[in-house]
Amino acid sequence: DYWPHVDVVRHDTMDAFAVAVGRVWVVETPADVPYTRAAFADGDCLLFGSESKGLPPEVRARHAGRVVGVPMPTGKVRSLNLATTVGVVLYEALRQVHDW
């Protein structure tokens, strides 16, 4: 199938989420690693925090080896709108997984 699908699932707690998903990529600002350096694979989960607060420090710590972000090179913009960030990172993940 040319058009991949994305499953959206809501979990009541972070513990329930951790049990249900496979490998997690945490997308945050700031992040030392840009999303373009991540090696996304089929079955990966992308986890985004809220625009105002991001994700709790314990979530970032739990997935410390897989925290990526969208670079803000000018220093004048703190972050992107959450929907924009999701679109940018999700597209890159799908591009890698489906070899577009």
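Tutor: Let's start with a word we'll need: buried means under 20% relative accessible area, exposed means over 50%, and partly exposed is in between. Keep in mind that this is a predicted model.

Student: Okay. Why is Glu92 called buried?

Tutor: Its relative accessible area is 10%. The cut-off is under 20%, so Glu92 counts as buried.

Student: Where is Glu92, and which other residues of that helix are buried?

Tutor: Glu92 is found in helix H3, residues 82-98. The buried residues of H3 are Thr85, Val89, Ala93 and Leu94, along with Glu92. What covers them includes strand E1 (24-27) and strand E3 (45-48). Leaving aside neighbours within four places in sequence, Glu92 itself is in contact with Tyr35 and Phe40.

Student: How do you know that the length of H3 agrees with its number of residues?

Tutor: H3 has 17 residues, and at 1.5 Å a residue they should span 24 Å. The end C-alpha atoms are 24 Å apart, so the two agree.

Student: What makes Asn81 a cap for H3?

Tutor: A side-chain oxygen of Asn81 lies 2.8 Å from the backbone nitrogen of Ala83, at the N-terminal end of H3. After H3 comes Asp99, with a positive phi near 55°.

Student: Why do Glu92 and Arg95 count as a salt bridge?

Tutor: The rule asks for a side-chain nitrogen of Lys or Arg within 4 Å of a carboxyl oxygen of Asp or Glu. For Glu92 and Arg95 the N to O value is 2.7 Å, so the pair qualifies. Both lie in H3, 3 residues apart, about one turn of the helix.

Student: Is Arg95 buried, exposed or partly exposed, and how do you know?

Tutor: Arg95 has 31% relative accessibility, so it counts as partly exposed.

Student: How many salt bridges are there by this rule?

Tutor: The count comes to 4. One of them joins Arg23 and Asp44, with the closest N and O atoms 2.7 Å apart. That pair links distant parts of the chain: Arg23 is in the loop between H1 and E1, and Asp44 in the loop between strand E2 (33-34) and E3, 21 residues apart.

Student: What makes Arg23 and Asp44 partly exposed?

Tutor: Arg23 has a relative accessible area of 32%, and Asp44 has 21%. Both values sit between 20% and 50%, so each residue is partly exposed.

Note on methods
Residues numbered from 1 in each chain as written. Predicted model: local features only at pLDDT ≥ 70, side-chain atom pairs only at ≥ 80, totals over all residues. Heavy atoms only, no water. Helix = DSSP H or I, 4+ residues; strand = E, 2+ residues; numbered from the N terminus. Contact = heavy atoms within 4.5 Å. Expected span 1.5 Å × (residues − 1). Buried < 20%, exposed > 50% of the residue type's maximum accessible area, 1.4 Å probe, protein only. Polar contact = N/O pair within 3.5 Å; in protein donor to acceptor, adjacent residues only side chain to side chain.
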